[in-house]
Amino acid sequence: MRKSFLTGCVLVGLVVVMAAVSLVWLPYDPADTSGGRLAPPGGDHLLGTDKLGRDLLTQLMIGARIALAAGTGSVLLGGLLGVAAGLAAGFATRWLDDALAAVLDALIAFPTLLLAMLVVAVREASLGSAILAIGLAMSAVVARLTRVLVKRVLSQDYITAARTSGSSWPRVIAEHVLPNIWPTLLVNLALQLGLAVLAEASLSYLGLGPPPPNASWGRLLQEAQATVLTAPVGAIAPGVLLVVLVIGANLLADGLRDLGGGRSR
């Protein structure tokens with residue numbers, strides 16, 4: 001097994017375990033402010049408290065849950081929409097393909113934060129709105145990659161042979177197209193996971209993510225900004241967890257790419 005893949009599994013696994021534990025156990029109630037304002041690490045509070053007196057470890061564990069929900073939700077939404085649009089573009093006629101390609105390029109160039117603001121304006125600042133905005137932005141990237149991969153597969157001789165033997169297009173997609181493009185798509189989606197987590201943290205930092213009392217890592221960073229010199233743990237801890245999860249996702253993608261290359265060889 002590749003070292004990068006194993007390291008990525010360990011890093012992402014740490015955050016997954018933290019999020020899973022938070023579903024059944026938390027050190028303190030998330031709304032408990034009895035710990036005292038900006039208490040240092042140690043004693044009853046392993047990582048100290050925030051400016052409202054809430055236990056920081058509790059907030060970080062809830063943030064892990066939100067980060068994974070936002071990342072996986074955005075990847076699933078972006079993957080489903082992107083693969084569907086990419087398949088449609090790959091099988092479309094020339095003029096329709098050109099039109100879809102232009103639309104995808106426009107969506108890719110559209111800033112994710114601006115798209116999130118539009119979604120929030122229509123709905124409200126919430127985890128669902130963040131997932132919707134990030135997933136829509138991600139779908140254009142996935143669709144463009146899918147379109148290129150589908151066209152590459154359709155140009156192969158075995159596709160012509162399958163059609164000559166009487167296979168329908170749905171059968172060709174299921175038996176030949178999707179099995180040949182999913183390894184590359186899987187690597188791309190693993191990379192998109194890290195980007196989605198960063199995007200959600202950015203939205204929460206700007207106040208466009210899950211509202212309080214949801215303890216997103218981005219919101220924790222924003223709240224700790226004013227006290228970074230007097231209580232640095234409040235800013236360092238969520239930042240480190242963000243780095244761990246993003247690097248873990250990137251290493252997973254590298255490992256999957258290496259494994260796929262090994263199978264191809």
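1. Aromatic pairs. In this predicted model, a search of the whole structure finds one aromatic pair. The partners are F91 and W169, and their arrangement is edge-to-face. F91 belongs to helix α2 (residues 56–91) and W169 to helix α7, so the pair ties together parts that are 78 residues apart in sequence.

2. Overall architecture. The chain contains nine helices and zero strands. Reading along the sequence therefore gives the pattern α-α-α-α-α-α-α-α-α. Taken along the principal axes, the C-alpha atoms fill a box of roughly 75 × 45 × 30 Å.

3. The chain has 265 residues, of which 43% count as buried. It exposes about 13300 Å², and carbon and sulfur atoms supply 67% of that area. Among contacts in the chain with a separation of 6 or more, 70% are accounted for by residues 24 or more positions apart.

4. The cavity. Rolling a probe the size of a water molecule over the atoms shows where empty space is left. How many cavities of 30 Å³ or more are there? The count comes to one. The largest cavity holds about 100 Å³ of space. Its lining includes L38, T49, D50, K51 and L56, together with L220, E223 and A224. T227, A231 and G234 also line this cavity. Helix α8 (residues 217–224) gives the most to the lining, with three residues. By class, the lining has five nonpolar, three polar and three charged residues.

5. L38, a lining residue. L38 is one of the residues that line the largest cavity. Where does L38 lie in the chain? L38 is found in the loop between α1 (3–24) and α2. With a relative accessibility of 22%, L38 counts as partly exposed. The phi of L38 is near 55°, a positive value in a residue other than glycine. Most residues other than glycine have a negative phi.

6. The second largest pocket. About 180 Å³ of space lies in the second largest pocket. Among the residues lining this pocket are L107, I108, F110 and T112. I134, A137, M138 and V141 also belong to the lining, as do Q192, L195, A196 and A199. Which helices each supply at least two residues of this lining? They are α3 (94–109), α5 (127–154) and α7 (169–205). By class, the lining has 10 nonpolar, two polar and no charged residues. The lining of the largest cavity, for its part, has three charged residues.

7. R152. R152 is placed in helix α5, a helix that also supplies residues to the lining of the second largest pocket. At 52% relative accessibility, R152 counts as exposed, because the limit for that class is over 50%. R152 and P211 are 59 residues apart along the chain, and their C-alpha atoms are separated by 44 Å.

Technical notes. Residues numbered from 1 in each chain as written. Predicted model: local features only at pLDDT ≥ 70, side-chain atom pairs only at ≥ 80, totals over all residues. Heavy atoms only, no water. 1 Å grid on protein atoms, 1.4 Å probe; cavity = no way out; pocket = protein on both sides within 12 Å on 5 of 7 lines; lining within 4 Å. Points joined across faces, edges and corners; volume = space filled by probe spheres on them. Helix = DSSP H or I, 4+ residues; strand = E, 2+ residues; numbered from the N terminus. Nonpolar A, V, L, I, M, F, W, Y, C, P; charged D, E, K, R; others polar. Phe/Tyr/Trp six-rings, centres within 6.5 Å; stacked < 30°, edge-to-face > 60°. Buried < 20%, exposed > 50% of the residue type's maximum accessible area, 1.4 Å probe, protein only. Contact = heavy atoms within 4.5 Å. Areas by Shrake-Rupley, 256 points an atom, 1.4 Å probe, with all protein chains shown as cover.
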